[in-house]
Amino acid sequence: MILPALALAAATPLLVAPQPVPAEATTQAPLAAAVRLADWQLARMADSAHVSRATGETRNPRAWEQAVFWVGMTALADAGAPPRIRDAILAMGRANQWQPGAKPYFADDHAITQSYLWAAAHGAGPAALAPTRAAFDRVVGRPAVTTLAFYVPPSGYGDTECLTRWCWCDALFMAPPALVELSRQTGDPRYRNFALKEFWATTDFLFDPVEHLYYRDSRFFERRDARQRKQFWSRGNGWVFAGMARIIPLLPRGSADRIRMEGLFRTMATKLAAVQKPDGYWAPSLLAPEDSPPEASGTAFYTYGMAWGVNSGLLPRATYAPVAQRGWAALTRAIQPDGRLGWVQQVSDRPETVAPGDTQYYGVGAFLLAATQMAALDRAAR
């Protein structure tokens, strides 16, 4: 569901030195914070009343909004969370009968398979793998043939032809990590090869070589704000940055695709570090920070990616650990008195306004991802 954009103020980036990271923020235990938030969200999976802009997909346990929460849950389980986190993932998969979303070629409907593949390797067995493999066999065996140009016809968004491929940058988080992991688990390289071919096609089309950021889709190529700045959506680029952090470890070391993706990741990290706001957040419109609200979903994905980059040795600790720490401090401030993660921009495809009480399953999932890597970053610093 795509909603109308709300205007954001536009001006040149602020040249302000980043604020120091508060000591209390860096000493908070990230995994404990993540488990508390996961428990808060688990108690509300069947009731979307806490989501300020709920859609039909919000309520769908196989759609992308909830799926990203479960992706974060798999990372939390791997990081040593209590057994109830793993048990919740397995229970969700069984309740869904391990089925992907309904649209066979739509990347958003593939996101949930990332949690199924994790479950297959953590106790659920082959039953958790079979529907995902069948779905991807169809995609790889009969790939969609269409342009990546994003045109919404009069009949509506759902009939956009290019949605059968990855013509919007969010897709690079939703589908490729699952395809690459399926190759790892099955030994069949077809899924990985397809994912990488399509990943690079999307990147060649949507990545701006001047700004080192992704357009959300081709409708934004010529969009400018009042000061003639290009519009790069924070969460949209967050999807890509976090997606690469999930894909790169699954690629063969020294392979051409891994080397190329590591280079792209470093290039994006340099740009993203430069546009982080002094308060630790990233603005909903990355090049328009002035007067912008806190926004937790993009910030969580960037914090995750920056911390993962340091932990994996791709990014220098001295430069990027402080970026991740400022992001984490901002995320901890986004937790509201009732326990929810606030300041999460609601479902959209572009920068919009955000309110303190705005939360969403995918924002929580991004927070869990960030927490697991921040915990590892903290351990390495001791």
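**Burial, salt bridges and packing**

User: In this predicted model, does Gln-345 count as buried or exposed?
Analyst: Gln-345 has a relative accessibility of 1%. The cut-off for a buried residue is under 20% relative accessible area. Gln-345 therefore counts as buried.

User: Where is Gln-345 found, and with which residues is Gln-345 in contact beyond its neighbours within four places in sequence?
Analyst: Gln-345 lies in the loop between α13 (317-333) and α14. Leaving aside neighbours within four places in sequence, the contacts of Gln-345 include Trp-233, Arg-235, Pro-284, Glu-295 and Ser-297.

User: How are α3 and α14 oriented to each other?
Analyst: Helix α3 (residues 64-78) packs with α14 at an angle of about 20°, and their axes are 7 Å apart. Among the residues making the contact are Trp-64, Val-68 and Phe-69 of α3, and Tyr-361, Gly-365 and Leu-368 of α14. Angles under 35 degrees count as roughly parallel. The two helices, α3 and α14, are therefore roughly parallel to each other.

User: What is the handedness of the crossing between α3 and α14?
Analyst: The angle of about 20° between α3 and α14 leaves the sense of the crossing to be stated. As α3 passes α14, the crossing is left-handed.

User: How many residues apart are Glu-290 and Arg-229, the partners of a salt bridge?
Analyst: The closest N and O atoms of Glu-290 and Arg-229 are 3.1 Å apart. Glu-290 is in the loop between α11 (256-275) and α12 (296-311), whereas Arg-229 is in the loop between β2 (213-214) and α10 (234-247). Glu-290 is buried at a relative accessible area of 9%, and Arg-229 is buried with a relative accessible area of 9%. The pair links distant parts of the chain, and the separation is 61 residues.

User: What is the distance between the closest N and O atoms of Arg-229 and Asp-225?
Analyst: Arg-229 also forms a salt bridge with Asp-225. Both Arg-229 and Asp-225 are buried. The closest N and O atoms of this pair are apart by 2.8 Å.

User: Do Asp-87 and Arg-86, which meet in a salt bridge, count as buried or partly exposed?
Analyst: The side chains of Asp-87 and Arg-86 meet at 3.3 Å, N to O. Asp-87 has 39% relative accessibility, and Arg-86 has a relative accessible area of 33%. Asp-87 and Arg-86 therefore count as partly exposed.

User: Is Gln-97, a residue with a positive phi, buried or exposed?
Analyst: The phi of Gln-97 is about 55° although Gln-97 is not a glycine. Gln-97 is placed in the loop between α4 (83-95) and α5 (113-124). With a relative accessible area of 60%, Gln-97 is exposed.

Note on methods:
Residues are numbered from 1 along each chain as its sequence is written. This is a predicted model: local features need pLDDT of at least 70, side-chain atom pairs count only at pLDDT 80 or more; totals for chains, interfaces and linings use all residues. Side-chain values use heavy atoms; hydrogens and water are left out. A salt bridge is a side-chain nitrogen of Lys or Arg within 4 Å of a carboxyl oxygen of Asp or Glu. Buried means under 20% relative accessible area, exposed over 50%, partly exposed in between (1.4 Å probe, protein chains only). Helices (H or I, at least four residues) and strands (E, at least two) are DSSP runs, numbered from the N terminus. Axes are lines fitted to C-alpha atoms, for helices over the stretch in contact, and angles run from 0 to 180 degrees between N-to-C directions. Angles under 35 degrees count as roughly parallel, over 145 as roughly antiparallel, 65 to 115 as roughly perpendicular and the rest as oblique. A crossing is left-handed if the near helix is turned anticlockwise from the far one by less than a right angle, and right-handed if clockwise. Contact means heavy atoms within 4.5 Å.
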